[in-house]
Amino acid sequence: MEDRTVYGYIRVSTDKQSVENQRFEIERFCLAKNIVVDCWIEETNSGTKLPEKRLLGTLLAVAKTGDLIICSELSRLGRNMLMIMSILNNLILNGVKILTIKDNYHLDDGISAKVLAFALGLSAEIERELISRRTKEAITRKKAEGVRLGRPPGSKSKRLKLSGYEAEIQELLAQKVFKSEIARRLGVNRKTVNSFIKTNLNSQKSKSHLRI
């Protein structure tokens, strides 16, 4: 008997949605393929959240080589293509198989999965490079428009630790880059980024809305 665990993963975005449709799809598929789901993971959470902020992160941590994850479609893993590619790449590299029903993806430890893992990793690297390039272009444009960049002279306050990076942070947020990734690029803690956005960028938006 094959020593593996089969996981059924279900995610809905709001508590107004039902998990029953996805469960029915998975159960019907497994019945036809003579597969038994050993463990169900159901959650109500946004697909835009990082996996570690969801039950999916726990699943990715406990799934071992040879295990199988079944879900209704790839979009259940995440709403961001870069995130989905990262998750798939992680699963493939760790020998965890994944099967999606609607879009008919079946990734195992065969050569096709290894080729896909390479393609996913390369695509993710290209996407990161494009984001970095767009950010640099945005900063260059801001400078050309006369926007002052850089930390104010003599500023040592922790609150102003990211002063001078407003344009870059705003550009990254507009590109839907996660705050944790922004923190990594700027060499600070994620809490520092959150605090800076709340106390600086959000206050700037409020002021702009008050102008007549």
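Reader: Before anything else, what do buried, exposed and partly exposed stand for here?
Author: Buried is under 20% relative accessible area, exposed is over 50%, and partly exposed is in between. Glu42, with 33% relative accessibility, is therefore partly exposed. Note that this is a predicted model.

Reader: Fine. How many helices and strands in the protein chain?
Author: The protein chain has seven helices and five strands.

Reader: In what pattern along the sequence?
Author: It reads β-α-β-α-β-α-β-β-α-α-α-α.

Reader: How much of the chain is buried?
Author: 40% of the 212 residues count as buried. The chain exposes about 13300 Å², and 52% of that comes from carbon and sulfur atoms.

Reader: And what share of the contacts joins residues at least 24 apart?
Author: 67%, taken among contacts between residues at least 6 apart in sequence.

Reader: Back to Glu42. What does its side chain meet?
Author: Arg23, in a salt bridge with an N to O distance of 2.6 Å. The pair links distant parts of the chain, since Arg23 belongs to helix H1 (residues 20–33) and Glu42 to strand S2 (residues 39–44), 19 residues apart.

Reader: Is Arg23 buried or exposed?
Author: Buried: its relative accessible area is 19%, and the cut-off is under 20%.

Reader: Which residues make up the network of salt bridges there?
Author: Arg23, Glu27 and Glu42 are linked in it. In general, side chains of opposite charge can pair when their charged atoms come close.

Reader: How many salt bridges in the whole structure?
Author: Five, from a search of the whole structure.

Reader: What does Glu25 pair with?
Author: The side chain of Glu25 forms a salt bridge with that of Lys102, at 3.6 Å from N to O. Glu25 sits in helix H1 and Lys102 in the loop between strand S4 (97–100) and strand S5 (105–107), so this pair ties together parts that are 77 residues apart in sequence.

Reader: How accessible is Glu25? And Lys102?
Author: Glu25 has a relative accessible area of 17%, so it counts as buried. Lys102 counts as exposed, at 54% relative accessibility.

Reader: What is the salt bridge between Lys102 and Glu73 like, N to O?
Author: Their side chains meet at 3.7 Å. Glu73 is in the loop between strand S3 (68–71) and helix H3 (81–93), and Lys102 is in the loop between S4 and S5, so the pair ties together parts that are 29 residues apart in sequence. Glu73 is partly exposed, with a relative accessible area of 23%.

Reader: Stay with that loop between S4 and S5. What is phi of Asn104?
Author: Near 55 degrees, a positive value in a residue other than glycine. Asn104 lies in the loop between S4 and S5 and is exposed at 65% relative accessibility.

Reader: Change of topic. Which residues gather in the patch of positive charge on the surface?
Author: Lys49, Lys53, Lys179, Arg190 and Lys198.

Reader: Where is Lys179 found?
Author: In helix H6 (residues 179–186). Lys179 is partly exposed, with 31% relative accessible area.

Reader: What is Lys179 in contact with, leaving aside neighbours within four places?
Author: Leu173, Arg190, Val193, Asn194 and Ile197. The C-alpha atoms of Lys179 and Val193 are 6.8 Å from each other, and these residues are 14 apart along the chain. Arg190 is in helix H7 (residues 190–210) and is partly exposed at 34% relative accessibility.

Reader: Which residues of H6 are buried?
Author: Glu181, Ile182, Ala183 and Leu186. Just after H6, Gly187 has a positive phi of about 70 degrees.

Reader: And in helix H5, which are buried?
Author: In H5 (residues 166–174), the buried residues include Glu166, Ala167, Glu168, Ile169 and Leu172.

Terms used:
Residues numbered from 1 in each chain as written. Predicted model: local features only at pLDDT ≥ 70, side-chain atom pairs only at ≥ 80, totals over all residues. Heavy atoms only, no water. Helix = DSSP H or I, 4+ residues; strand = E, 2+ residues; numbered from the N terminus. Buried < 20%, exposed > 50% of the residue type's maximum accessible area, 1.4 Å probe, protein only. Contact = heavy atoms within 4.5 Å. Areas by Shrake-Rupley, 256 points an atom, 1.4 Å probe, with all protein chains shown as cover. Patch = residues over 30% accessible without salt bridge, like charges linked within 9 Å, V, L, I, M, F, W, Y side chains within 5 Å. Salt bridge = Lys/Arg side-chain N within 4 Å of Asp/Glu carboxyl O. Lys, Arg positive; Asp, Glu negative; His and termini not counted. Charge placed at Lys NZ, Arg CZ, Asp CG, Glu CD.
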